[in-house]
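Subject: Handing over a structure, with notes

Dear colleague,

I am passing this structure on to you, and my notes on what was found in it follow below. Please keep the sequence and the structure open beside them as you read.

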Amino acid sequence: MAAAKPDLTRFAAQPGPAGAVRLGYAGLLPFVFAALYLCYAALQASQPSFVEPIARAAAIYGAAILSFLGGVRWGVAMAGRQRGMREFALSVLPSLLGWGAALLPPVAAMVVLAGGFLMQAGWDQRAAVKGSLPLWYATLWRRLSVVVTVALLVSAAGLLLGRAA
């Protein structure tokens with residue numbers, strides 16, 4: 001007997017546990033701060049001294065968060081909702097992508113991470129539709145991933161604009 005599919009009309013109405021939602025939004029702060037600072041720095045006549053460390057910190061933070069999201073999928077596989085070698089193998093890809101991105105120059109790292117976050121978001125949305133992830137998680141992560149992706153791309157643009165100035 002096939003498992004019942006989740007009611008997608010309630011997809012956006014799933015608020016999730018308040019603590020998880022607050023922590024999720026708080027996790028956006030380093031991404032948003034980096035984007036704002038790097039754009040501010042790009043508009044200055046001379047490069048402020050913290051550009052490189054903040055750019056590198058943003059890339060490393062992005063790699064850590066992407067790894068965390070892969071860990072969520074590892075947990076789903078361990079819980080038996082999608083048990084199989086394929087699920088375990090796929091769950092380590094975000095960590096590997098994040099690690100590889102952290103080794104790149106900051107602009108390239110941010111672009112690679114933005115792509116990784118978009119792929120992870122798509123994977124998580126599909127998993128929620130299949131019922132292996134809670135709808136509230138997919139709803140929250142969809143919102144967070146938009147901000148993360150935009151912030152990473154704005155950070156990369158700020159770095160590029162700062163170099164052109």
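Is Ala-35 buried or exposed? Ala-35 counts as buried, because its relative accessibility is 7%, where buried means under 20% relative accessible area, exposed over 50% and partly exposed in between, with a 1.4 Å probe and protein chains only.

Before going further, please note that this is a predicted model, in which local features need pLDDT of at least 70 and side-chain atom pairs count only at pLDDT 80 or more, while totals for chains, interfaces and linings use all residues. Residues are numbered from 1 along each chain as its sequence is written, and side-chain values use heavy atoms, with hydrogens and water left out.

**Overall picture**

The protein has seven helices and zero strands, helices being DSSP runs of H or I with at least four residues and strands runs of E with at least two, numbered from the N terminus. Of the 165 residues in the protein, 40% are buried. Among contacts with a separation of 6 or more, 75% are between residues 24 or more positions apart, a contact meaning heavy atoms within 4.5 Å. The accessible surface comes to about 8900 Å², and carbon and sulfur atoms account for 73% of that surface, with areas taken from the Shrake-Rupley method with a 1.4 Å probe, where for residues only the protein chains shown count as cover.

Helix H2 covers residues 29-43, and its 15 residues should span 21 Å at 1.5 Å a residue, which agrees with the 21 Å between its end C-alpha atoms; the expected span is 1.5 Å times one less than the number of residues. Helix H3, residues 51-78, has 28 residues and reaches 41 Å from its first C-alpha to its last, close to the expected 40 Å. Just after H3, Gly-80 takes a positive phi of about 90 degrees. For the 25 residues of H6, the end C-alpha atoms are 36 Å apart, in agreement with the 36 Å that they should span, and H6 is followed by Gly-131, whose phi is also positive, near 95 degrees.

Ala-35 is found in H2, whose buried residues are Phe-31, Ala-34, Ala-35, Tyr-37, Leu-38, Ala-41 and Ala-42. Leaving aside neighbours within four places in sequence, Ala-35 is in contact with Ala-151, Val-154 and Ser-155. Although Ala-35 and Leu-159 are 124 residues apart in sequence, their C-alpha atoms are 9.3 Å apart in space. Gly-162, found in helix H7, counts as buried at 10% relative accessibility, and its C-alpha atom is separated by 8.0 Å from that of Leu-38, 124 residues away along the chain. Not counting residues up to four places away in sequence, Gly-162 touches Ala-42 and Gln-47.

**The nonpolar core**

In soluble globular proteins, nonpolar side chains tend to be buried together. The largest nonpolar core here has 39 residues, and those with the most contacts inside it are Leu-38, Met-110, Leu-113, Phe-117, Leu-152 and Leu-159; such a core is a set of buried Ala, Val, Leu, Ile, Met, Phe, Trp, Tyr and Cys residues joined through side-chain atoms within 4.5 Å. H2, H3, helix H6 (106-130) and helix H7 (135-164) each supply at least two residues of this core, and H7 gives the most, with 11 residues. Beyond residues up to four places away in sequence, Leu-159 touches Leu-38, Val-51, Ala-55, Pro-106, Val-107 and Met-110.

**Aromatic rings**

The structure holds seven aromatic pairs, a pair being rings of Phe, Tyr or Trp (its six-membered ring) with centres within 6.5 Å, called stacked when the planes are under 30 degrees apart, edge-to-face when over 60 and tilted for the rest. One of them joins Phe-31 and Tyr-61, which is tilted because the ring centres are 4.9 Å apart and the planes are at 55 degrees. This pair links distant parts of the chain, with Phe-31 in H2 and Tyr-61 in H3, 30 residues apart. Phe-31 is buried, with a relative accessible area of 3%, whereas Tyr-61 counts as partly exposed at 23%. Trp-74 and Phe-88 form an edge-to-face pair, 4.7 Å centre to centre with 70 degrees between the planes. Phe-31, Tyr-61, Phe-117 and Trp-141 form one aromatic cluster.

With kind regards
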